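This report walks through helix packing, a strand hairpin and an aromatic pair. Keep the structure open while you read.

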Amino acid sequence: MVSPLLRACFSRVFPPPFSPDSRRVCDELPVTEQSHRMPRAHRTVLWLLVACSSAFLLFQLYYFRNYVSKPGPHILSRSGHLTPSDVQWQTVKTFLALARRYELTLFLADTAALTLLSHDALRQRDRLVREPHCSFLCTNRPITAIALHANLWKYEAGFLLAAEQKGFEVMELRGDDPRLASLDTLSGNQIPLHFLLRLHGHIIQVVFLYERSGNYLWHGALRLKPEMDRRFAPFKLLDYGRHAGAYDRPELVLTVLDGLDVRIPRNVSRFLSEQKHARFLECRHRDARNFLQLYPDDSSPEAVEFRRKVKSLLHLAARTLAPLNIPFWLSSGTCLGWFRQCSVISYSRDVDIGIFIADFRPDIIAAFRTAGLSLKHKFGKVEDSLELSFLSEDVKLDVFFFYEDGDIVWNGGTQARSGRKFKYVFPGFSLCWAELLDLKVRVPCETLDYLSANYGPMWSVPLRSWDWKTSPSNVQENGAWPVAEWAELIQVY
């Protein structure tokens, strides 16, 4: 303890707040006492100042590292209670930390969060009333979707056990492996399709993406077994699982969102567009095996060579139309072969694809010619019954353009020697992804209705004799082209 006399003495070293009286008392001390006691007292105070300053600096450093420098929502809101945004951020943070521990290859696939990352949303973000430190991951939804590259999935048991130790409740959803569906196997092996992890009421949906032979990623549908808790999650709000889906392999980038390291698709807008139209239809392998037992497949060298040419032509069509942003689907006999026997009809001798006339581009002919195909014929016009046919080696690629008319869709046909017009009417349909000959292709989602309209109720019975003017169930006479316009509307090469 420093005496009152010494404290007064320090007024000479440290000016006020010491009073003049204390300064006078200090002057009255003997010189020897001043010379010996002042340095000792000075050192004591300096040590006290250094200790207090060090403690204060350490406290500031701790506070900065644990609160100020860490983006993300505050642990508690001003009211002292966890908000839904706090819960979502903390749940995502806990899950990502667990995923890093097990080196899982993940990326953010949540449509609400990715939508907030789009350019339009970024431009308007400052105008929105949102959480000040959680602009992207806090979506005000009870679910966050994360995609996992399933081919790198290794630590299933350990990961799930660790998740439960962190407080997560886990629901596993499995299904048959479609990559083995073409094999006549009774192994019954199932693969993980979706994991749902619940913490504090928030759901992390882990979507397993598997590589398929067509060089694309696939996830399965989410189907609950009877014994599963249907109140575990708001299943109707899930982004993924209502049906199977197919995606091109996205390029990923590592970024920081709301203070958390997370991978996202480099092209967010493209991924979101794919997600809206990702529905995938699996080939009916069991029905195909039954069909081939009744009608064995042609294994002659000519048939094998034809299938090889069809595969090459379909891949070429996909590569040609993709840069033009022209979606196409399998039509007519090619679609029938996929649906009925998971292959192509070897005696059809051509490939049929459909394109909506709204997606027509004037440079489509030049693009196919550049790809090495020759134009065989061009019938009709953009406004009515347009049809193109190309030739690759000795296999024909027929491109039918479809016109939407209320609840129906139709494509046209033209007889070159007479100018007669025909119309083929289909019920309206949407497009789904499928796989044929190791290629991800589109087919009508309502495939059975589509084929039944074209081939009638006996579509499952092979018919080698086929007249395109009279055999289809949905063909209608549609007049004739004026002779004066034949040169423009009926071009045969």
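The crossing of α4 and α7 is right-handed. This is a predicted model. Helix α4 covers residues 84-101 and helix α7 covers residues 156-165. Their axes come within 11 Å and cross at roughly 150°. Angles over 145 degrees count as roughly antiparallel, so α4 is roughly antiparallel to α7.

Which residues make the contact? From α4 come Phe95, Leu98, Ala99 and Arg101; they meet Phe159, Ala162 and Ala163 in α7. By class, six residues of this contact are nonpolar, none is polar and one is charged. Arg101 is in the α4 part of the contact, and Arg counts as charged.

The crossing of α11 and α13 is left-handed.

On the α11 side, the contact uses Ser332, Gly333, Cys335, Leu336, Trp338 and Phe339. They meet Thr447, Leu448, Tyr450, Leu451, Asn454 and Tyr455 in α13. The residues of the α11 and α13 contact divide into eight nonpolar, four polar and no charged.

| Helix pair | Crossing angle | Axis separation | Handedness |
|---|---|---|---|
| α4 and α7 | roughly 150° | within 11 Å | right-handed |

Now the strands. In which sense do β8 and β9 pair, and over how many bridges? Strand β8 (residues 252-257) and strand β9 (residues 260-265) are antiparallel, with six bridges. Leu252 stands opposite Pro265 in β9. The hairpin has two residues between the strands. Within the hairpin, Asp258 takes a positive phi near 50°.

Last, the aromatic rings. The structure holds 27 aromatic pairs. One of them joins Phe356 and Phe429. Their ring centres are 5.7 Å apart, with 25° between the planes. Planes under 30 degrees apart count as stacked, so the Phe356 and Phe429 pair is stacked.

Where do the two rings sit in the chain? Phe356 belongs to strand β11 (residues 350-356). Phe429 lies in the loop between β16 (420-427) and β17 (431-436). The pair links distant parts of the chain, 73 residues apart.

Technical notes:
Residues numbered from 1 in each chain as written. Predicted model: local features only at pLDDT ≥ 70, side-chain atom pairs only at ≥ 80, totals over all residues. Heavy atoms only, no water. Left-handed = near helix turned anticlockwise from the far one by under 90°. Helix = DSSP H or I, 4+ residues; strand = E, 2+ residues; numbered from the N terminus. Contact = heavy atoms within 4.5 Å. Pairing = 2+ DSSP bridges. Phe/Tyr/Trp six-rings, centres within 6.5 Å; stacked < 30°, edge-to-face > 60°. Axes fitted to C-alpha atoms, helices over the stretch in contact; angles between N-to-C directions. Parallel < 35°, antiparallel > 145°, perpendicular 65-115°, else oblique.
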